[in-house]
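Please look through the model below with the following walk-through at hand.

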Amino acid sequence: MSNSKPSLDAHLAMCTADAMAMPQMVCRRHSCRRGQRCRWYFETSREPCCLRNLDPGQRAIFDQIYQAAHFAKGFLGSDGPFFEALSGPERLSDDLSIAIARNVAHRWMVERWDKARRAREKRIVAADRLRGAEE
Ligand SMILES: [Zn+2]
């Protein structure tokens, strides 16, 4: 345990793999491809087994998306300047992180989390509408 990486949240990691279409793109296990979900993970590291099939560049992308989803799981709805982007790549990244984290039942203060998610969606719709009116 000393020199190994911190273990992952297995469910969040599997949801991240799903969001990256790993079951369709890189899984060598028939049951993943068929079920369109990475179902297997290592007990010690809590990593989906199919992460072994990623090349280093793909793995770096997985880690980045996983970390962002992990942050969304823990911080959406908290008092901080988070998830406020209404356009651009940052908004897309937030959208993805929140969509992944939403699948995980043990989110931070679930009711507050969901309320913040709905409020964010309303802000985005309003911002999109405003942008549409300006164009
Ligand atoms: Zn898989």
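A residue counts as buried when its relative accessible area is under 20%. The structure to which this cut-off is applied here is a predicted model. Cys38 and Cys50 are both buried.

These two cysteines belong to the metal site. The zinc ion is coordinated by the SG atoms of Cys27, Cys32, Cys38 and Cys50, at 2.0 to 2.5 Å. Along the sequence, the donor residues follow the spacing C-x4-C-x5-C-x11-C. Cys38 and Cys50 both lie in the loop between helix H3 (30-35) and helix H4 (56-75), so the pair ties together parts that are 12 residues apart in sequence.

What is the geometry of the site of the zinc ion, given its 4 donor atoms? The angles among the donor atoms run from 84 to 123 degrees, and the site is irregular.

The next stop is the segment before H1, where Leu8 is placed. With a relative accessible area of 14%, Leu8 is buried, because this value is under the 20% cut-off. Which residues does Leu8 touch, not counting those up to four places away in sequence? They are Ala13, Ser45, Arg46, Glu47, Pro48, Leu51, Phe62 and Tyr66. For one of these, Glu47, the C-alpha atom is separated from that of Leu8 by 6.1 Å, although the two residues are 39 residues apart along the chain.

Helix H1 itself covers residues 10-19 and includes Thr16. Thr16 has a relative accessible area of 0% and is therefore buried. Leaving aside neighbours within four places in sequence, Thr16 is in contact with Phe62, Ile65, Tyr66, Ala69 and Ile100. Phe62 and Tyr66 are also among the residues that Leu8 touches.

The last topic is empty space. Rolling a probe the size of a water molecule over the atoms shows where such space is left. The second largest pocket holds about 150 Å³. Its lining consists of Phe75, Leu76, Gly77, Ser78, Gly80, Phe82, Phe83, Glu84, Ala116, Ala119, Arg120 and Arg123. Helix H6 (residues 110-134) gives the largest share of this lining, with 4 residues. By type, the lining residues of the second largest pocket divide into 6 nonpolar, 3 polar and 3 charged.

Technical notes
Residues numbered from 1 in each chain as written. Predicted model: local features only at pLDDT ≥ 70, side-chain atom pairs only at ≥ 80, totals over all residues. Heavy atoms only, no water. Donors = N, O, S within 2.8 Å, 3.2 Å for Na, K, Ca; no water. Tetrahedral: all angles 85-135°; square planar, octahedral: opposite > 155°, others 65-115°. Helix = DSSP H or I, 4+ residues; strand = E, 2+ residues; numbered from the N terminus. Buried < 20%, exposed > 50% of the residue type's maximum accessible area, 1.4 Å probe, protein only. Contact = heavy atoms within 4.5 Å. 1 Å grid on protein atoms, 1.4 Å probe; cavity = no way out; pocket = protein on both sides within 12 Å on 5 of 7 lines; lining within 4 Å. Points joined across faces, edges and corners; volume = space filled by probe spheres on them. Nonpolar A, V, L, I, M, F, W, Y, C, P; charged D, E, K, R; others polar.
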